[in-house]
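Welcome! Take a moment to look over the sequence and the model below.

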Amino acid sequence: MAQKFYVVWQGRETGIFTDWSTCKKHIDHFPGARYKSFKTLSEAETAFKGGKSSPRTNSTTRTGSMKHAVPAKKNGIKTYTASEIAAMKVDTKIYTDGGCEPNPGKAGSGLAIYRNDVIDELWYGLYNPKGTNNTAELNALFQSLLIAKEEAEKGNTVAIFCDSKYSIQCVTQWAIGWEKKGWKKSGGEIKNLELIKEMFALHQELKNKIKVLHVNGHVGVEGNELADRMSILAIESRETDFAPYREAFDIEAILATRAG
């Protein structure tokens, strides 16, 4: 089956995707969604940059995983591509992910840590049989902040890459207003409040020393994919601690395991 490239001009995320299931997730039930499939990446890139769309397609072709995404800035958060991340001159890059099957249900978190752009550590755990996806994502981000603090204290530059805009905004944006209002928000309770309070305090301490950035999940960014596999390992192994992955770092074999 020939590879196809899916352009999304208007949807939950915009960009170029190489699998229909991811594209569909971004346009299903999205008012005014605009998207189209193309036979080549160059055609898709030209169409996306030109902003030209045609009537929505009902194609059901499913191929591969998403490999390329054009960065989008939404809700004040820029999404970074694999090439942008690779170009960053940062000593330590930490990728975070959390998973839950179903949601709510069995949850776990994972991390992938690169030092000088070489994979150095993998972590997994914090299994919760009655967790949620948001809590698992927050837990992963919290663990990355704890590691980032240690790295910063050693004089290393640090960037954290998280595919959960909810987690990033909770800690770097929304908590600022919630704190000013006595940790309250209009419209209901703040879920995961105690965890967010602790994370917010830590981020405030580190915010001038580290970066917390957004990356789309399953876009071919190796670190994000590895963190994803670690979150699934946490669920499958039911590891309640946050433990280092002690097997050999056979990246190809790890990536071949079940994705979240």
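## Starting in a loop

Let us begin with Pro 102, which sits in the loop that links E6 and E7. Keep in mind that this is a predicted model. The peptide bond leading from Glu 101 into Pro 102 is cis, and its omega is near -15°. Pro 104 belongs to the loop between E6 and E7 as well, and the bond from Asn 103 to Pro 104 is also cis, with omega near 0°. These bonds deserve a look because most peptide bonds are trans.

Now move along to the loop between E7 and E8, where you will find Asn 116 and Asp 117. Phi of Asn 116 is near 55°, a positive value in a residue that is not glycine. For Asp 117, phi is near 65°, again positive in a residue other than glycine. Are these residues buried or exposed? Asn 116 is exposed, with a relative accessible area of 58%, while Asp 117 is partly exposed, at 44%.

## The chain as a whole

Stepping back, the chain contains eight helices and eleven strands. It has 260 residues, and 49% of them count as buried. Among contacts in the chain with a separation of 6 or more, 68% are between residues 24 or more positions apart.

## A sheet of six strands

In what order do the strands of the six-stranded open sheet lie? The order is E10-E9-E6-E7-E8-E11, and the pairing is mixed. At the edges stand strand E10 (210–214) and strand E11 (242–244); each has a single partner strand, so one side of each lacks a neighbour in the sheet. From one strand to the next, the twist averages 20°.

Strand E9 (residues 158–162) pairs with E10 in the parallel sense, over five bridges. Within this pairing, Ala 159 has Lys 211 of E10 as its bridge partner, and Phe 161 stands opposite Leu 213 in E10. Although E10 is an edge strand, four of its five residues are buried, so E10 is largely enclosed by the rest of the structure.

## Helices against the sheet

Helix H5 (residues 165–180) packs on the sheet, where it touches E9 and E10. The direction of H5 makes about 145° with that of E10. Helix H7 (residues 222–237) packs on the sheet too, touching strand E6 (92–101), strand E7 (105–115) and strand E8 (118–131). The direction of H7 makes about 140° with that of E7.

How buried is Thr 96? Its relative accessible area is 0%, and the cut-off for buried is under 20%, so Thr 96 counts as buried. Setting aside neighbours within four places in sequence, Thr 96 is in contact with residues including Gly 110, Leu 111, Ala 140, Ser 144, Phe 161, Asp 163, Asn 224 and Ala 227.

Strand E1 (residues 5–10) is mostly covered, with five of its six residues buried. E1 runs antiparallel to strand E2 (residues 15–17), and three bridges join them. Together E1 and E2 make a hairpin, with four residues between the strands. Across this pairing, Tyr 6 stands opposite Phe 17 in E2.

E1 is also joined to strand E3 (residues 34–38), by five bridges and again in the antiparallel sense. Here, Val 8 stands opposite Tyr 35 in E3.

## The largest pocket

To finish, turn to the largest pocket, whose volume is about 570 Å³. It is lined by 25 residues, and those nearest its centre are Lys 25, Asn 133, Glu 137, Asp 163 and Gly 217. By class, the lining has five nonpolar, eleven polar and nine charged residues.

Which element gives the most to this lining? That is E6, which supplies five residues. Helix H1 (20–27), E6, helix H4 (133–153), H5 and H7 each provide at least two residues of the lining.

Note on methods. Residues are numbered from 1 along each chain as its sequence is written. This is a predicted model: local features need pLDDT of at least 70, side-chain atom pairs count only at pLDDT 80 or more; totals for chains, interfaces and linings use all residues. Side-chain values use heavy atoms; hydrogens and water are left out. Buried means under 20% relative accessible area, exposed over 50%, partly exposed in between (1.4 Å probe, protein chains only). Two strands pair if DSSP finds at least two bridges between them. Axes are lines fitted to C-alpha atoms, for helices over the stretch in contact, and angles run from 0 to 180 degrees between N-to-C directions. Contact means heavy atoms within 4.5 Å. On a 1 Å grid over the protein atoms alone, a cavity is a set of points where a 1.4 Å probe fits but cannot get out, and a pocket is an open set with protein on both sides within 12 Å along at least five of seven lines; lining residues have an atom within 4 Å of a point. Grid points are joined across faces, edges and corners, and a volume is the space filled by probe spheres set on the points. Ala, Val, Leu, Ile, Met, Phe, Trp, Tyr, Cys and Pro count as nonpolar, Asp, Glu, Lys and Arg as charged, and the others, Gly among them, as polar.
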